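These are my notebook entries on a two-chain structure, written in the order in which I looked things up.

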Protein chains: 2
Amino acid sequence: MSDFAIGVDLGGTSLRVAVVEDKGTLLEKLTLSTKVLRGPERVVAAMCDSIAALQTRYKSNGKMMGIGVGVPGIIDLHTGVLRESPNLPGWHDYPVLQEIEHRLGTRVILENDANVGAMGEYWLGAGRGYDSMFMYTLGTGIGGGIVFEGAIWHGMTGMAGEPGHTTIEPKGPPCACGNRGCLEQFAGATAVIRMAKEAIAEGHAPKLKREVDNGQELNPQLVYKLATQGDKASRAIYRTVGEALGISVASMINVLNLPIFVIGGGVAGAWEAFSPYIFEEVRKRSFVYNATAPPEGERIAPGCTHITHALLGADSGLYGAARLPMLPEERKAHSTNARSSSRAL
Amino acid sequence: MSDFAIGVDLGGTSLRVAVVEDKGTLLEKLTLSTKVLRGPERVVAAMCDSIAALQTRYKSNGKMMGIGVGVPGIIDLHTGVLRESPNLPGWHDYPVLQEIEHRLGTRVILENDANVGAMGEYWLGAGRGYDSMFMYTLGTGIGGGIVFEGAIWHGMTGMAGEPGHTTIEPKGPPCACGNRGCLEQFAGATAVIRMAKEAIAEGHAPKLKREVDNGQELNPQLVYKLATQGDKASRAIYRTVGEALGISVASMINVLNLPIFVIGGGVAGAWEAFSPYIFEEVRKRSFVYNATAPPEGERIAPGCTHITHALLGADSGLYGAARLPMLPEERKAHSTNARSSSRAL
């Protein structure tokens, strides 16, 4: 007998719904394809059916604590409308919170997917035992989530936690966000593929070229495979990934002095290839890190700044979404505002 | 009749002690030269004499709420030892908190000078009315202070709030902190002077050269004066200041989505010369800013991101130091920690 919550992770290709106990055990996980379902109405209907089925199945297990839903893209936190979502075409301005609550007849907590991922790692993964945490999620692009003293930091309009769009190289490659030289241009999956294509086009990457010519898909996994086999061009790409992340992590340490920085998402699978360059840059660029780094040869020590990879893989968002309804009200999220709406200049 | 606190701002050249009422009125301010006093013991003795004299003078005014002291440099928040202070030679590892408390026979609150400056602006200056605030202090170098939900953000070891040492240009000029291309290398007083010297040496700044040859001191005020007179070289220097700040502010908006960013310190006196470039960069580089910017032609609007200059000048630290003992315990400061000191990897 244990209380539980239901966590939902809505992605571009799959919808996953899980029952998670308050002590962190995942009891059951359902996975549906969002591609097959096509369109927000069908996806929400399938989501709500799954939630209802799981709720019935586990009702004798303990108290049902609530439902948390992670969705990709920019959510209006006040209205629960999904404003924009590159991974969910057709969901533009869809009132996702309202539709789910209407179908289920109960309140749910809606949250950005990178934030639920961070909350999952904070609860049961790399961030366990820390008060505050900064997470980078290296997916197609780069997302992020910040936990301050146990609660997700939303900022004023829920748009906080976008380290992928901080400037690493002021005159670097243009980014879809309008900026140039964003971290996302050096360290997400799209960036790895772009750098690999550039290296092939410039004739610097004969091994990558051979694999692609042989029909292999050019993706971060392929570049990582060649990097582990010693291919120079592939290693150089992950060196760039690590250096860019290191520049960003160093700046964030100097500004926020947090105890732990976690790198997750698909590209983080290449941790062994890029992480040495994170540490190299951070040691060069952050005097706060140098004052708080673990002793030589150790990766973690009490009171030190810890930089590490995520532990929960693709399930972090499911755990984090389920965690939200378990948190006391004041720990659900920080959001900051102008206290008064009309003040003199 | 009004309750009051005593605020102390200890600087490299002067020590200032003020009585500030809980509604924000400064009743009296004493200023002493720290240069004349020489050495921590004498300065602390003079500080404590001033505090005691003011305390006696105002005891019939209301309840004395406490004493806050702002000091430049890196403080060990647990022990109250001033670890390092470029502006206070001879104070290295001086147990400043212990010495003050011993002399006064009462508790005082010690805080970093950039943090008390931020707290002052938050209480009575540019940040008034906001929940959270990010402040840059453009002095000789660049300091900073972050207020999250009413309390100073210290981070794990009290070293948070160093935006001056975030990387703006990965291969930029070396910084004393060990990094290259820090914001401080483009936007503090030392940076303005360095850029002016470089422009003179390269023959690009005939007007600056003439002023210096005529015996004027080369400082940010001189460069600002020439910039307002239309001197191209001086304007280019403040353009660099504004662009570098804009790159930094854009990144901080995308990561933290705070409602207000305040630029203070001596160099901020040249606000009119550099601020247009902050806004230019932020509009190019922060999609979060663009989603939350005030309407065209307005500088501030409810629910928008506000970027502005400090309002209290050199007194911000005095007000902020006096504010600290007035705050309820949970608002005095955030500090974040590993919750458990021994956890498995």
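**Salt bridges.** I began with the charged side chains of this predicted model, and in chain A I found Asp9(A), Arg16(A), Lys29(A) and Asp315(A) linked in a network of salt bridges.

I then took single pairs. In chain A, the side chains of Glu281(A) and Arg285(A) meet in a salt bridge, with 2.7 Å from N to O. The two residues sit four apart in helix α10 of chain A, and they are therefore separated by about one helical turn. I checked the accessibility of both partners: Arg285(A) counts as buried at 7% relative accessibility, and Glu281(A) is buried as well, with a relative accessible area of 4%.

I looked up the pair with these residue numbers in chain B, where Glu281(B) forms a salt bridge with Arg285(B) and the closest N and O atoms are 2.7 Å apart. Here too the residues are four apart in a helix, α10 of chain B (residues 271–285), which puts about one helical turn between them. Both Glu281(B) and Arg285(B) are buried.

The next pair I noted is Arg57(B) with Glu28(B), whose side chains meet in a salt bridge at 2.4 Å, N to O. Arg57(B) belongs to helix α2 (residues 40–57) of chain B and Glu28(B) to strand β3 (residues 26–33) of chain B, so this pair ties together parts that are 29 residues apart in sequence. What is the exposure of Arg57(B), buried or partly exposed? Arg57(B) has a relative accessible area of 46% and is partly exposed, whereas Glu28(B), with 19%, is buried; I note that the cut-off for buried is under 20%.

**Strand β1 of chain B.** I turned to strand β1 of chain B, residues 4–10, and asked how many of its residues are buried. Seven of the seven are, so the strand is largely enclosed by the rest of the structure. In a regular strand the side chains alternate between the two faces of the sheet. I therefore read each face of β1(B) separately, and both are covered: Phe4(B), Ile6(B), Val8(B) and Leu10(B) are buried on one side, and Ala5(B), Gly7(B) and Asp9(B) are buried on the other.

For the neighbours of β1(B), I found seven bridges to strand β2 (residues 14–21) of chain B, with the two strands antiparallel. A hairpin of three residues joins β1(B) to β2(B), and within this pairing Asp9(B) stands opposite Arg16(B). Strand β4 (residues 64–71) of chain B runs parallel to β1(B) and is joined to it by five bridges; there, Ile67(B) is the bridge partner of Ile6(B).

**Cysteines.** Which cysteine sulfur is closest to that of Cys175(B)? The closest is in Cys177(B), at 3.8 Å, which is too far for a bond, the cut-off being within 2.5 Å. Cys175(B) counts as buried at 9% relative accessibility, and in chain A I noted Cys48(A) as buried too, at 5%.

**Interface of chain A and chain B.** I counted 66 residues of chain A in contact with 66 residues of chain B. The area buried between the two chains is about 5,400 Å², of which carbon and sulfur atoms give 57%. I found zero salt bridges between chain A and chain B, but 24 residue pairs in polar contact across the interface, both residues being at pLDDT 80 or more. On the side of chain A that touches chain B, β9 (142–148), α9 (232–256), α10 (271–285) and α11 (287–292) of chain A each supply at least two residues. The largest share of that side comes from α9(A), with six residues.

**A loop residue.** Last, I looked up Pro89(A), which lies in the loop between β6 (81–84) and α3 (96–104) of chain A. Pro89(A) is exposed, with a relative accessible area of 68%. From Pro89(A) to Glu280(A) I noted 191 residues in sequence and 39 Å in space, C-alpha to C-alpha.

Conventions: Residues are numbered from 1 along each chain as its sequence is written. Chains are lettered from A and ligands numbered from 1 in the order in which they are written. This is a predicted model: local features need pLDDT of at least 70, side-chain atom pairs count only at pLDDT 80 or more; totals for chains, interfaces and linings use all residues. Side-chain values use heavy atoms; hydrogens and water are left out. Buried means under 20% relative accessible area, exposed over 50%, partly exposed in between (1.4 Å probe, protein chains only). Two strands pair if DSSP finds at least two bridges between them. Contact means heavy atoms within 4.5 Å. Buried area is the accessible area (1.4 Å probe) that two parts lose on being put together, summed over both. A salt bridge is a side-chain nitrogen of Lys or Arg within 4 Å of a carboxyl oxygen of Asp or Glu. A polar contact is a pair of N or O atoms within 3.5 Å; within protein, one must be able to donate a hydrogen and the other to accept it, and residues adjacent in sequence count only if both atoms are side-chain atoms.
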